[in-house]
Amino acid sequence: MDSRYNPAAIEEKWQKTWLELGLDKTPSASNKPKFYALSMFPYPSGSLHMGHVRNYTITDVIARLKRMQGYRVIHPMGWDAFGLPAENAAIDRGVPPAKWTYQNIAQMRQQLQRLGLSIDWECELATCSPDYYKWTQWIFLQFLQAGLAYQKEAAVNWDPIDQTVLANEQVDNEGRSWRSGAIVERKLLRQWFFKITDYAEELLNDLDKLTGWPERVKLMQANWIGKSTGAYLEFPIIGIDEKIAVYTTRPDTVYGVSYLVLAPEHPLTNRVTTKEQQAAVEVFIKEVSNQSELERTSEDKPKRGIPTGGVAINPFTGEEVPIWIADYVLYEYGTGAVMGVPAHDVRDFKFAKNYDLPINFVIASPDDVAGFDLTPTSEIGESQLIQVDYKQAYTEPGILINSGAFTGMASTDAKPAIIEYAEKQGFGKVRVQYRLRDWLISRQRYWGAPIPVIHCPNCGIVPVPDKDLPVQLPEDVEFTGRGGSPLTQLESWVNVLCPTCGTPAKRETDTMDTFIDSSWYFLRFPDAKNEQEVFDSSKVNDWMPVNQYVGGIEHAILHLLYSRFFTKVLRDRGVLNFDEPFQRLLTQGMVQGLTYLNPNKGGKDKWIPSNLVNSADPRDPQTGEPLQRLYATMSKSKGNGVAPEDVISKYGIDTARMFILFKAPPEKDLEWDEADVEGQFRFLNRVWRLVTDYITAGVSRKKAQPSDLTKAEKELRRAIHTAIQAVTEDVEDEYQFNTAISELMKLSNALSDADKNSPIYAEGIRTLVMLLAPFAPHIADELWHLLGESDSVHTQTWPSFDPVALVADEITLVIQVMGKTRGAIQVPAQADKAALEKYARESEIAQRYIEGKEIKKVIVVPGKLVNFVVS
């Protein structure tokens, strides 16, 4: 037996053994409660980083613990493998996207397997594989049949030189194409959407069911869905038989409308524009058309607009209001028009000041209108013209002024009253609206799942028959980065016969957003090799929902919201019998590295790679300037990363796991510190020596009876069972792995000070190894084997604590005189107040401090202290 802990030797050995024993396979029998442990699957970039290691280690601890607690566990892994980087690699390096992707998958799979994670690799899937995206296409057709998939025109980023659509990330900060350098234009294309808005109310309401989710994630989703109740109002346009519809949550301000704003792309824009304004409006529309949605709605940029010359009527006042267009109003949002109330909206106030538009205050603070006559007037257009002198927009609740029949009302009461009035008059109504918009799923790219429809000149949109799925990506494709999607240029693939009428037709050349692939992958894992159907519903309904989902906070909105949407749609299609996909959600923090920054440099140059810096005197190696030192999220651009393989080769996998778990609670950011890594390595060495010294000593392993224990043995047994209780509580509820490992350290210390010859010591050694198993699985199995066990420690039953062992025979009683602690004594734990006072009075400590003094009062706090008040 090697007296030294050699992680490299034992880790490889046990990974091979686990594989041979099939310990990580998903059980087919259902005679135990189920547990589905899942990490968000990675994009196969080619190399693991510490963020990956942290995510997968957390999930692995949970999976291993649940197996030992008697659950049947599924713990799968896959690859979110479609996406832009593979297509870029094809353009830059001439490597086909499939080849590049599968090479990266092979490399990352090897890295993951090196981590010794208890993953069932037989469940592995890759979203770019035809046997997966066949069913992604089948699900698309389910949406189409349900009326949840449709086409409409929508804006895209268009490179006018390369004649291709660009993703948002391919447009730089100056609005130029990453490849050609051309100024990117906005262009309308006919694209596919999913009607997620049909499920907005259920997606919002069911957040209440997600009691195992962080509150901030639920709040982020609720804000994204953005339900609001307000007023739908119509403003007649002078000169044409049309009305401008607006939606507002502030109907109480409608008497203060001083202008209306249309989105430049609104269909009414051309109709309301006068001849005098036509040229200027066309120039403005062209300028705005080249801006991204982000640019147009940015809070940092001043809002730009131009009058159309058109005029509308405020139906509440009968007054004319000018019609403008502005960059900040988007046609896709709400009605594509807004009412401008600069007196009571910060953005409108700035806009009005910039363009010298009227600012009409119609709500005021109660204190500012005290003494004014606030008698309502009944006639539309009649105004009392109460003047208030505000230097900025008044956005607080208040009292209505200059608001006709509603003058004098509290603004909160005026909202429903004004909506009711508008309904009676026929120019408005109450409306519930959502910020959430339908999901644009079209991508004009090659490396994604083809949308399985055919465009027939006779039949229109025709779904590809199920028997013809998958619609496979062609391989004989040339990647130039120019001329649009490579699929559009491959006539042999595009041109097909209509499956309904046989007429020459064309395939849809758009592929699906990669979020589609990740919105259902968790449903495929329990039946990953099924070639006959998307999955066996009975299997998936048995394993789902996922009991514990682990991933980054950056996926709090889109991925998680889309996954919830898919689950509800497939439930309504009769495929699933549950409402929500993820029971509990853990969003782990980032891994941060020591980072050096030169504040005198800009852009990427300000980050100085840590391997170029002398940590004792950090200076810029080029300029000699002193550097700032901070912790920041590990990234290539900052040069502050730590390669997982470097840590593993030096310390072993178990040490890396222990550091990651111990350094910070899983939901907090983790600061990488080599000294703390070494600390965990020393702790595992200490555990190794404890167990091997015990084995070498060859002491008796007979079982002790609790009634025969000495005082020291009772204390050790209490330490053992306290550790079992504390570790179990820490890993059961909030996953406080850091405090659980602290409890392991306490138990290790208790064993270090104890008598090796005691049978309780043997119980403590076995318990320590079993409690260590989920955290450091390789060393735990090796030590379990050295203790003479033939089965893996991971097949053992998680220890349970004995409540009797936690009861102390003695307690420490503090002795105080006049409130000042003078010492402490050991007393029987069951002693009552009278007995505690007697023990205290008779103690040597009390005698020393109260001798010759009169005891006025004795204060006894049972189980804690006795305080003597003397004179």
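**Close-up 1. The side chains of T595 and N640 meet in a polar contact of 2.8 Å.** In this predicted model, T595 is part of strand β26, which covers residues 591-597. Is T595 buried or exposed? With a relative accessibility of 1%, T595 counts as buried, because buried means under 20% relative accessible area. Leaving out residues up to four places away in sequence, the residues that T595 touches are W607, Q628, R629, L630, Y631, A632, K638 and N640.

**Close-up 2. The largest nonpolar core brings together 115 residues.** Which of its members touch the most other members? They are F140, F194, Y521, L523, F565 and W672. Helix α5, residues 130-145, gives this core its largest share, with nine residues.

**Close-up 3. L523 is in contact with F535, V540, M544, L570, L576 and F578.** That list sets aside the neighbours of L523 within four places in sequence. L523 is also one of the residues of the largest nonpolar core that touch the most other members. Another core, of 59 residues, lies apart from the largest one. Its residues include A37, V731, L751 and L768.

**Close-up 4. The largest cavity has a volume of about 180 Å³.** Its lining is made up of 23 residues, and those closest to the cavity centre are I91, T164, R445, G481 and R482. Which helix and which strand each supply at least two residues of this lining? Here we find α3 (84-93) and β6 (164-166). By residue type, the lining holds ten polar, seven charged and six nonpolar residues.

**Close-up 5. The second largest cavity has a volume of about 60 Å³.** How many cavities of 30 Å³ or more are there? The count comes to two. Around the second largest cavity you will find M50, V53, T57, L115, L117, P644, I648, I653, A656 and R657. Three helices, α2 (50-68), α18 (644-651) and α19 (653-663), each supply at least two residues of this lining. Eight residues of the lining are nonpolar, one is polar and one is charged.

How values were computed
Residues numbered from 1 in each chain as written. Predicted model: local features only at pLDDT ≥ 70, side-chain atom pairs only at ≥ 80, totals over all residues. Heavy atoms only, no water. 1 Å grid on protein atoms, 1.4 Å probe; cavity = no way out; pocket = protein on both sides within 12 Å on 5 of 7 lines; lining within 4 Å. Points joined across faces, edges and corners; volume = space filled by probe spheres on them. Helix = DSSP H or I, 4+ residues; strand = E, 2+ residues; numbered from the N terminus. Nonpolar A, V, L, I, M, F, W, Y, C, P; charged D, E, K, R; others polar. Core = buried A, V, L, I, M, F, W, Y, C linked by side-chain atoms within 4.5 Å. Buried < 20%, exposed > 50% of the residue type's maximum accessible area, 1.4 Å probe, protein only. Contact = heavy atoms within 4.5 Å. Polar contact = N/O pair within 3.5 Å; in protein donor to acceptor, adjacent residues only side chain to side chain.
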